Structures are given as C-alpha cells and as structure tokens.
2 protein chains.
Amino acid sequence: MARILRGKEVADALTVKMKQDVEDLKAKGVTPTLCIFRVGERADDMSYEKGATKRAQSVGIAVKHVVLPADISQEDFDREFVAVNADDSIHGILFFRPLPKHLDSEKARQMLDPAKDIDGCTDLSLAGVFTNRKIGFAPCTAQAVMEILHHFDIPVAGKKVAVISRSLIVGRPLGMMLMHENATVVNCHTGTVDIPSITSKADILVAAAGRLHIITKEYTNPDQVVIDVGINWDQEKGGISGDLVFEDVEPNVAAVTPVPGGVGAVTTCVLIGHVVEAAKRRFDYEA
Amino acid sequence: MARILRGKEVADALTVKMKQDVEDLKAKGVTPTLCIFRVGERADDMSYEKGATKRAQSVGIAVKHVVLPADISQEDFDREFVAVNADDSIHGILFFRPLPKHLDSEKARQMLDPAKDIDGCTDLSLAGVFTNRKIGFAPCTAQAVMEILHHFDIPVAGKKVAVISRSLIVGRPLGMMLMHENATVVNCHTGTVDIPSITSKADILVAAAGRLHIITKEYTNPDQVVIDVGINWDQEKGGISGDLVFEDVEPNVAAVTPVPGGVGAVTTCVLIGHVVEAAKRRFDYEA
C-alpha cells in the first residue's frame, strides 16, 4: 500500500503561509491584486476563474475581473490589455488562452509584463526557469509538483527523476526545476524508445503525458514516488482521472498522488501564491 | 579503433555554405557585419578576436572592432555599447565577458539586443533555446556539438544521450536542442550519483565537465559516439586536452572527437554563422 500524497494537505500549508504574507503586505499598505482577464464566456475559463477568485479572496487578495466580449476587435483588445498591463494597482494577470481565433494569442503572450506573468507563459518567465533566476514565474503545474515533493519531504538532490512530458507547461520547466535542486532528470516523450525501461529505474516518476490510464506498474518500482499530473476525462467513471492505472500502480509503489485531489489541488494555490510573490517583489523593488 | 570525428571537416562544410549565403546577401545589397566589442587588452580575448576576425573575413563578413580602454567608466561604456547595439549596419555583436571588475557585465548582457546576440548569452536567446523558437541564438559550443552530429549523420532521434554538464553555455542548451530533435537526454552534474552507470548506457556521450582526463572507458560503451567538449590545460603535454583519457576511451567506442581539432574547431565557425543568420533574418524581416 502506497502512501497517498494528498494535494489538499499541501494547499492548506501553502495557504497558511500566503495568508501571513498577505497580512504582512497589507500592514505595509499593499493589497496584492489579481486581475483575471477573460474574453468571451467559455465554460472551462469561467469555471477556472471561479476557483481562482475564491482561492484568492480566501487569503485576502483583491480580484479585478476584466471581461471582454467574444467578438472584440484586435485593436480594442490590445488597448484593454495594455491598460491592465500598465496598471500599477495590479500585481498579477491571469489571461485565458487560447483567445478567440480572430485575436492574436501569441502577441498577447509577448506583450504581458513578466513581472505580472503569474502563469509563467512569457519568454522571460521561461528564461528564468531555464537559468534559475527570479525573472517572472514558473508555470504553475510544474511548480505544484515541486511544492508536493517539498511538502512531503521527498528528497530530490542526488535522486533520479523521470518526467513523462516535454511540454512548456510541465515537462521542460519541471525538468529544469528538479535539476536546479540537484536531481538527475530524464524527460521522456513521444520520441523516447521503451519508456518503461527508463522510468522503472527512477526514484521519482512524474507522469504528465496527459493520456488516460497509460501508466501501469511496469513503469514503476516498489521504492518509487509517483506524481500523477494527468487530468483526463474518464468516460467510464464519468469524471476526471490521471495518467495512471491507479489500482495497478498504487499497490506497487512507495507513494503516489491521487487524481483528483493531487497536483490539481495545488496548482491554483501556486497561481495565487505568485500574485503574493509579485506584490512582494514590487514592494522590495520600490523600497 | 574509433572513427575520429574531426572538427575541421565540419567547419569546412559550414564555411562553404556560409560563403554562399554571404554572396547571396551581398547580391541583395547586404554585407553581414560583425562587431567585436572589447574592453582592455586581455590576452585570451585578443587571441579569440584574432581567430574570429580571420574566420569572418574568410567568408566575406565585414568586421568592426570597438576597443575601449580597460579603465573606461560605466557611463562611457554604456554609451558606446548602446551605440553599437543600435547601429543598423551591425548584425552581430561579440563582446568579451567578464568585463573588467568595475563594469557591470550583467547589465551589458541584459542590454544586448537578442537579434545581435550571436554568442547566445541573453535571456531571450536562452528562452529561444528552451522553447525551440528563433529568438536570438543558441550558445555556440552547444550548437557546435549539434553541427558535428549532423555533419557525420549520427542519428539523434530516438537515441539516449548523456551530457556531462548543466552549464548555460553547454549542458542545458545542448540538452534542449537534443530533445527538440527527439533524443532522450540526461544531464549529469556534480549532484549526480554514479555518473558512469548512467553514461555507459547512452548511445551518445557528450563530455563537457571541463575537467582534464576524467572520462575513462568505464563511462562509455563500444557502440557509443563520444563528443569531447573539454578544453583543459594539460601541464604534462604542454597544450590543450579534453575531458577524456583519450587513449583509454578511443579504442573502446565507435566514434570520438579529438581535442584539439574537435568541437573547438567548429565553435568559431558557428559564431560567424550566427552573423550571417542575423543578417538574413534582418533582411527577411525588412523585406
């Protein structure tokens, strides 16, 4: 029986710390402020917005919503985006991508001030992850995995870690963050031959293929810690499941995160933490 | 007996292509121009400058030298640097780091226009390597390794590659460039436990620890291609040697680059190639 690494426990600990940080900032006259910038009424955007808003307010962060019509012109979009980007009262901007097809998502990404890039999507945020310096922010899901490992005191330095993903939101940044902490990392991907032969030798396995039920016990070993990043629609269950065949993997590894209730429960928390961090950095910079 | 992968052969092939590209650009009215920006008279800077100048001129690239006194003030340095950075007749800038101690090397690095960053040192160049997009340029040594693999038709896709280095000039960018071409890569570093157990299972080994004679045959296997990036002073020999114990490794692997005459012979060529590429990009952008 594996130890079950629950995301809620991590999120709760991060929340306690965040609340204290927000109080400290407010005592200095700063209210960390998140701007959620949405175009149109896509259901999954609105669901994520609702969760982020609730989480932000629960730690004392102010939330501004900018909602633009789905048929807004590029020109009007740019003007609104530039205004929010330049607004000193806003510390972090969450904007939903992709934008509607007639708008230039890539242009918006490049316009975003890295100092407000709480989702870690700008080139300078990614350069920060690559070079291990505090430019912008790490992609939230990648950082959520690190927070889970840290919270449960799972050693990373000197360990072998296999990450199934080379995406810019999980695999590549996570590989870098792990290596910065002295792990030896291999990213497995669609070009990798015989993935189980690699992952089964790792001390830690991060499954982030984004494919339902592809990771069986052959990918693992009994001493392994397994982090399941997958968020896949499971028709049979009528809900969300991870990349793992959980009932096959769980009895055969040392520890594992559930889905739901694992990485996903930490990701929004990391996003909100970035707003606090952005406000702290701005205060320190101006002080 | 291993196949010896000589850098000169790669450099010669790259040079032929570059000459043609320079001719094509000149026919369009563009003379690719390199600016070498040096502060003081450090011997190794001047030696590198001489080599780069010769190589540039041999393919028809114009070279401008800006040489500033070693005791130049930060203010004067900034003014000169900004002028070169803004000068439209210059396509690529090579500036020697570190600058003398009283000048801010990091500030200069951040000021440099990524479009002219032929040495791949700016944050946006590194973001380009990380995200696999044409922003700035890759660090020359990392790219030189890729050029060698390509020139000798050594397959990378689906292969396991071990890179002994996580530096920003070799290990990290090279790991990314290899992964973008579908290799499965592990970067070994000072935090890695039992490096030979990892590297000996790789199809390709890149040794870039920067330490004389540390790589023995135990790190390798008979089917392996070994690229030696090390440029270390060898007291005994009275010259430059690589990271390999060459006479131990060479008989026991499939192919290997010598030092000198391997990666080092290609690096300057890649630098000069970046000037040509910078001129091409600017022409295409303006066209």
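User: Which strands form the open sheet in chain B, and in what order?
Analyst: The order is E3-E2-E4 of chain B, three strands with parallel pairing. Strands here are DSSP runs of E with at least two residues, helices are runs of H or I with at least four residues, and both are numbered from the N terminus. Two strands count as paired if DSSP finds at least two bridges between them. This is a predicted model, in which local features need pLDDT of at least 70 and side-chain atom pairs count only at pLDDT 80 or more, while totals for chains, interfaces and linings use all residues. Residues are numbered from 1 along each chain as its sequence is written, and chains are lettered from A and ligands numbered from 1 in the order in which they are written.

User: Thanks! Which ones are the edge strands?
Analyst: Strand E3 (62-68) and strand E4 (92-95) of chain B, each pairing on one side only. On average, neighbouring strands of this sheet are turned by 20° against each other, direction ignored. For such angles, axes are lines fitted to C-alpha atoms, for helices over the stretch in contact, and values run from 0 to 180 degrees between N-to-C directions.

User: And how many bridges join E2(B) to E3(B)?
Analyst: Seven, with the two strands running parallel. In that pairing, Cys35(B) stands opposite Lys64(B). E2(B), residues 33-39, also pairs with E4(B) in the parallel sense, over four bridges. There, Leu94(B) is the bridge partner of Ile36(B), and Phe37(B) stands opposite Phe95(B).

User: Is E2(B) mostly covered or mostly open?
Analyst: Mostly covered, with six of its seven residues buried. Buried means that 20 or more other C-beta atoms lie within 10 Å of a residue's own; exposed means 12 or fewer, partly exposed is in between, and C-beta atoms are placed from the backbone.

User: Which strands does helix H2 of chain B lie across?
Analyst: H2(B), residues 43-58, lies across E2, E3 and E4 of chain B and runs at about 170° to E2(B). Helix H3 (residues 74-86) of chain B packs on the sheet too, touching E2, E3 and E4 of chain B, with its direction at about 170° to that of E3(B). Contact means that the C-beta atoms of two residues, placed from the backbone, lie within 7 Å.

User: What's the handedness of the β-α-β unit made by E2(B), H2(B) and E3(B)?
Analyst: That unit is right-handed. In other words, with the strands pointing away from the viewer, the path from the first strand over the helix to the second runs clockwise.

User: Switching to chain A: how many residues of E5(A) are buried?
Analyst: Five of its five, residues 160-164. Lys160(A), Ala162(A) and Ile164(A) are buried on one side, and Val161(A) and Val163(A) on the other.

User: Nice. What does E5(A) pair with?
Analyst: One partner is strand E6 (residues 184-188) of chain A, in the parallel sense over five bridges. The chain gets from E5(A) to E6(A) through helix H7 (residues 171-180) of chain A, in a right-handed β-α-β crossover. E5(A) also pairs with strand E7 (residues 204-207) of chain A, again parallel, over four bridges. Ile164(A) stands opposite Cys188(A) in E6(A), and its bridge partner in E7(A) is Ala207(A).

User: Last one: how many residues does each chain give to the contact?
Analyst: Chain B gives 22 residues and chain A gives 22. On the side of chain B, the largest share comes from H5(B), with six residues.
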